[in-house]
Amino acid sequence: MTTDTQSREENITEDEAALYDRQIRLWGLDAQKRLRAASILLIGLRGLGAEIAKNIVLAGVKSLTLLDSTKADEDDTASQFLIPHSEIGQNRAQASLERTQQLNPMVRVTVDTESIDDKDDSFIASFDVVCATGCGVSTLMRLDAVCRSHGVKFYAGDVFGYYGFMFADLGTHHYAEDIIKPRVVPKMDANEDGEEPVAKKIKGEELETVTVKKVMEFPSLDAVLKIKFDSGNTEAKKDAVSQKDPPHKNFFFYNGTDDGGIVIAVES
């Protein structure tokens, strides 16, 4: 999340603390305050977009903008649970507004019925996170480039029957990892001259959790799409299975017809 977003953080109200009690216990008050200050753009309100909208609004962000220029059709009745049957034929984003807002009245939900391709860069850069579904490759390339240059977190995904994909570009990602290691316990021993005992560190049986700060660099979509997919990439498979590489560095492409796939190592 950007520094500007952090500066806009607001205190959690009593009503919000009660509503988000379980997730505050999970990831802490500071994380919830950052969520409370986040402005999200969701592009595409088909089945996948509806599920994402539900999860985002329940998390308790500051605002969610639903953007879709297309109209709901009969196919939406099978997967788009935010659109009532009576709204078939209406704009997807507009038809999804009421049910999305009902999920969490504390989140400001707005609608944009224009095409994302008609939006300028300043519109995209005004959000903290952009999540795109149902977009073509050229649109995704442009969105990632704009988000990356303005420090906006970018996610993309889509579903095609039994198949699907997702992509995340978080730029330079700072995070903390808890590492469990043996505790070093001081032991008091008297020295050879019988003087006062001195501290001597030995490894005890107890374990302790140490929090280590780390940094990761996510590759751009442009870098990912330039990869040559080689099913003989044995080194990538070896590193992925042995967990030598960070998880986001490996892309696994699954083939549902033969229950197999290939692993690709992505360089930043």
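**Close-up views of a predicted model**

**View 1. The open sheet, strand by strand.** Six strands line up as S3-S2-S1-S4-S5-S6 in an open sheet, and their pairing is mixed. This is a predicted model, so keep that in mind for every view here. The edges belong to strand S3 (108-112) and to S6: each has a single partner strand, so one side of each has no neighbour in the sheet. Ignoring direction, neighbouring strands are turned by 15° against each other on average. As a reminder, strands of a sheet pair through backbone hydrogen bonds, either parallel or antiparallel.

**View 2. S1 next to S2.** Strand S1 (residues 39-43) and S2 run parallel, joined by five bridges.

**View 3. S2, covered on both faces.** Here we stay with strand S2 (residues 63-67), where five of the five residues are buried. In a regular strand, side chains alternate between the two faces of the sheet. On one side of S2 you'll find Ser63, Thr65 and Leu67, on the other Leu64 and Leu66, and all of them are buried.

**View 4. S4 meets S5.** Strand S4 (residues 129-133) pairs with S5 over five bridges, in the parallel sense. One handy landmark is Val130, whose bridge partner in S5 is Phe154.

View 5. With a cut-off of 2.5 Å between cysteine sulfur atoms, the disulfide count is zero. Cys131 is in no disulfide, and its nearest cysteine sulfur, on Cys135, is 9.5 Å away. Seen from the other end, Cys135 is in no disulfide either, with the sulfur of Cys131 as its nearest, at 9.5 Å. Are these two residues buried or exposed? Cys131 is buried, because its relative accessible area is 9% and the cut-off for buried is under 20%. Cys135, at 19% relative accessibility, counts as buried too.

View 6. Phe160, Tyr162, Tyr163 and Phe165 make a nonpolar surface patch of about 530 Å². Where does Tyr162 sit? Look in the loop between strand S5 (153-160) and strand S6 (163-169). Tyr162 counts as exposed because its relative accessibility is 86%, and the exposed class covers anything over 50%.

Note on methods
Residues are numbered from 1 along each chain as its sequence is written. This is a predicted model: local features need pLDDT of at least 70, side-chain atom pairs count only at pLDDT 80 or more; totals for chains, interfaces and linings use all residues. Side-chain values use heavy atoms; hydrogens and water are left out. Patches are made of residues with over 30% relative accessible area and no salt bridge: like charges are joined within 9 Å, nonpolar side chains (Val, Leu, Ile, Met, Phe, Trp, Tyr) within 5 Å. Accessible areas come from the Shrake-Rupley method with a 1.4 Å probe; for residues, only the protein chains shown count as cover. A salt bridge is a side-chain nitrogen of Lys or Arg within 4 Å of a carboxyl oxygen of Asp or Glu. Helices (H or I, at least four residues) and strands (E, at least two) are DSSP runs, numbered from the N terminus. Buried means under 20% relative accessible area, exposed over 50%, partly exposed in between (1.4 Å probe, protein chains only). Two strands pair if DSSP finds at least two bridges between them. Axes are lines fitted to C-alpha atoms, for helices over the stretch in contact, and angles run from 0 to 180 degrees between N-to-C directions.
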